[in-house]
Amino acid sequence: MLWRSFFGSFKGYRLLSPTTKVFNRYFSVEPNTSSYSGNSHSGRISLVVRVPNTPGSLTQPLAVLGKYQVNLTRIESRPTTEVKQPDASYDIFINVSEETSPIVTNSSLVDRIKKAVEELNSHGIKVTVLGEGFEDMAQSSGGEVSTLSGIPWFPRKMRDLDAFASRTLEFGAELDADHPGFHDKAYRERRQSITENAKQYRYGQPLPHVTYSEKELKTWNTVYTELTQLYPTHACKQYRYIFPLLEKNCGYSPHQIPQLQDVSEFLRECTGFRLRPVMGLLSPRDFLNGLAFRVFHSTQYIRHHSKPLYTPEPDVCHELLGHAPMLADPDFAEFSHQIGLASLGASDEDIDRLARCYWFSVEFGLVKEDGQVKAYGAGLLSSFGELQYALSNEPQLLPWDPFVASKQPYPITQYQPVYFVADSFSSATDKFLQFAETIARPFSVWYNPYSQTIEIVDSIQKIMKIAGQTKQSCSLVTEALRRLETRFGTA
């Protein structure tokens with residue numbers, strides 16, 4: 001959202017301008033610097049080697065790579081969930097150095113890797129190659145070789161999101177000089193404690209519990225009280241329906257800041273979404289990748305008490321009042337999920353397009369409701385000033401079109417001059433899926449909700465697997481309709 005004041009319309013209150021860096025959460029496209037994609041010197045070629053969970057199983061792959069003088073910069077193992085028993089095999093993620101060793105005088109790195117993969121393939125070892133120059137490699141009878149040319153690394157299992165824990169771009173424990181809490185030593189130490197918990201958090205653990213101080217509770221009370229006065233007239237009907245449920249089930253009130261654990265459990269029961277603590281601003285790629293697993297990265301610290309009407313960053317007020325309620329709505333959750341799926345393996349250019357779509361929908365989106373326009377974007381629902389402005393006659397309202405939104409310019413120090421209005425969340429998702437087809441990647445992805453993994457759909461076998469599951473779902477619908485007709489009769 002626009003990180004200046006959530007209550008920008010208050011008279012006599014001078015607003016501070018946020019730094020451009022703060023918009024990295026949704027906009028600024030950083031080079032893909034994940035653990036498996038590397039930088040300009042190493043990691044643009046990666047291998048994923050599947051080995052059994054037996055002593056010495058990694059010896060042969062490493063020996064073959066050494067034989068062909070393939071230098072490695074990083075090795076990491078993770079148990080695979082594609083087998084019935086989780087400990088039956090491991091995926092070994094390997095980053096390859098592109099710096100040529102002085103002893104290598106002939107054959108290119110690509111050629112050497114191809115030979116190494118062919119030899120491993122001949123021994124029945126499955127290898128996935130990510131990088132340029134391997135387009136001509138095909139499957140052989142000894143094992144599967146799946147090549148994703150030039151595709152940035154992306155998480156395949158929910159546990160992979162642990163890699164984002166300490167990879168933040170801005171804020172968290174570090175504050176800019178113009179931050180209201182910059183000179184407050186106690187506040188900085190408090191944030192350090194909260195962000196350290198987020199840094200140490202790993203998948204499967206209980207979410208960190210934060211006991212908020214009286215100052216923090218007073219700040220929350222100010223924000224909560226002002227915003228809840230506007231929700232009955234400005235928020236969409238889905239938000240108005242869900243918010244009382246959060247008050248009843250998750251401890252939402254003017255006098256209490258809800259715990260992420262309680263809110264996350266509520267969301268999982270509603271839509272399968274869950275919250276995960278984060279130190280600060282993630283890159284757009286990392287943040288959107290999390291949505292593919294129905295995971296929303298949420299901060300737990302709160303803005304400085306000296307200026308409760310202003311924040312230069314996402315804080316717990318924005319996350320729990322703006323984002324969390326809408327993630328409990330099935331149609332909205334599916335829309336968010338599809339944006340996340342589209343981001344997996346996308347180019348930096350496409351990440352920028354997707355981030356803009358996210359910005360003008362999940363953050364600043366409006367929706368039609370009984371002949372009126374209501375707000376569903378988190379940046380509006382957590383901003384007293386902009387929530388009123390967006391529904392006034394001042395801004396320009398355009399019909400939701402991701403092809404237009406993905407190119408729409410945006411200001412960073414003032415309210416948005418343009419907002420996009422959806423007919424409904426389901427229609428917004430349909431339009432986005434058409435847009436997602438323009439994402440340039442040589443494969444499709446499918447989220448398996450049972451194993452909570454991402455599957456790359458790049459073979460006939462995988463397509464048939466999904467088709468089989470779709471057939472079962474269609475059969476269920478057909479059977480349910482038949483039973484209804486039998487029970488109530490046909491018209």
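Arg-294 is found in the loop between helix H8 (284-291) and strand S7 (295-298), where helices (H or I, at least four residues) and strands (E, at least two) are DSSP runs numbered from the N terminus. The phi angle of Arg-294 is near 60°, a positive value in a residue other than glycine, and Arg-294 is buried, with a relative accessible area of 12%. Throughout, buried means under 20% relative accessible area, exposed over 50%, and partly exposed in between, computed with a 1.4 Å probe on protein chains only.

This is a predicted model, in which local features need pLDDT of at least 70 and side-chain atom pairs count only at pLDDT 80 or more, while totals for chains, interfaces and linings use all residues. Residues are numbered from 1 along each chain as its sequence is written, and side-chain values use heavy atoms, with hydrogens and water left out.

A positive phi, near 55°, also occurs at Asp-370, again a residue other than glycine. Asp-370 sits in the loop between strand S8 (366-369) and strand S9 (372-375), and with a relative accessible area of 75% Asp-370 is exposed.

**The sheet around S8 and S9**

Strands S8 and S9 belong to an open sheet of four strands, whose order is S9-S8-S11-S10 and whose pairing is mixed; two strands pair if DSSP finds at least two bridges between them. The edge strands, each pairing on one side only, are S9 and strand S10 (396-399). From one strand to the next the twist averages 40°, with axes taken as lines fitted to C-alpha atoms (for helices over the stretch in contact) and angles running from 0 to 180 degrees between N-to-C directions. S10 and S11 run parallel and are joined by four bridges, and the bridge partner of Leu-397 in S11 is Tyr-419.

The loop between helix H14 (402-405) and strand S11 (418-422) holds Pro-409, which counts as exposed at 57% relative accessibility. Pro-409 touches Arg-356 and Phe-360, not counting residues up to four places away in sequence, where contact means heavy atoms within 4.5 Å. Although Pro-409 and Arg-356 are 53 residues apart along the chain, their C-alpha atoms are separated by 8.7 Å.

**Helix H9 and the annotated site**

Helix H9 (residues 316-327) is mostly covered, with twelve of its twelve residues buried; among them are His-318, Leu-320, Leu-321 and His-323. The UniProt record, an unreviewed entry, carries the annotation "binding site" at His-318, His-323 and Glu-363. The three positions span 46 residues in sequence, yet no two of their C-alpha atoms are more than 10.3 Å apart, so they gather at one spot. UniProt positions are given in the numbering used here, feature names are shortened, and annotations may be inferred rather than shown by experiment. His-318 lies in helix H9 and counts as buried at 0% relative accessibility, while Glu-363 lies in helix H11 (residues 348-363) and is likewise buried, at 0% relative accessibility.

**Nonpolar cores**

Of the 98 residues in the largest nonpolar core, Tyr-231, Tyr-252, Leu-320, Leu-321 and Ile-454 touch the most other members. Such a core is a set of buried Ala, Val, Leu, Ile, Met, Phe, Trp, Tyr and Cys residues joined through side-chain atoms within 4.5 Å. Apart from this core lies another, of 19 residues, including Leu-47, Ile-92, Ala-116 and Val-127. The contacts of Ile-454, not counting residues up to four places away in sequence, include Phe-154, Ala-292, Leu-341 and Trp-446.

**Aromatic pairs**

Rings of Phe, Tyr and Trp (its six-membered ring) pair if their centres lie within 6.5 Å, and planes under 30 degrees apart count as stacked, over 60 as edge-to-face and the rest as tilted.

| Pair | Centre to centre | Angle between planes | Class |
|---|---|---|---|
| Tyr-239 and Phe-243 | 5.6 Å | 20° | stacked |
| Tyr-376 and Phe-425 | 4.8 Å | 80° | edge-to-face |

Tyr-239 and Phe-243 are separated by about one helical turn, because they are four residues apart in helix H6 (residues 237-249). Tyr-376, in the loop between S9 and helix H12 (378-381), and Phe-425, in helix H15 (residues 425-436), are 49 residues apart, and their pair links distant parts of the chain. Tyr-376 counts as buried at 2% relative accessibility, and Phe-425 is buried with a relative accessible area of 4%.
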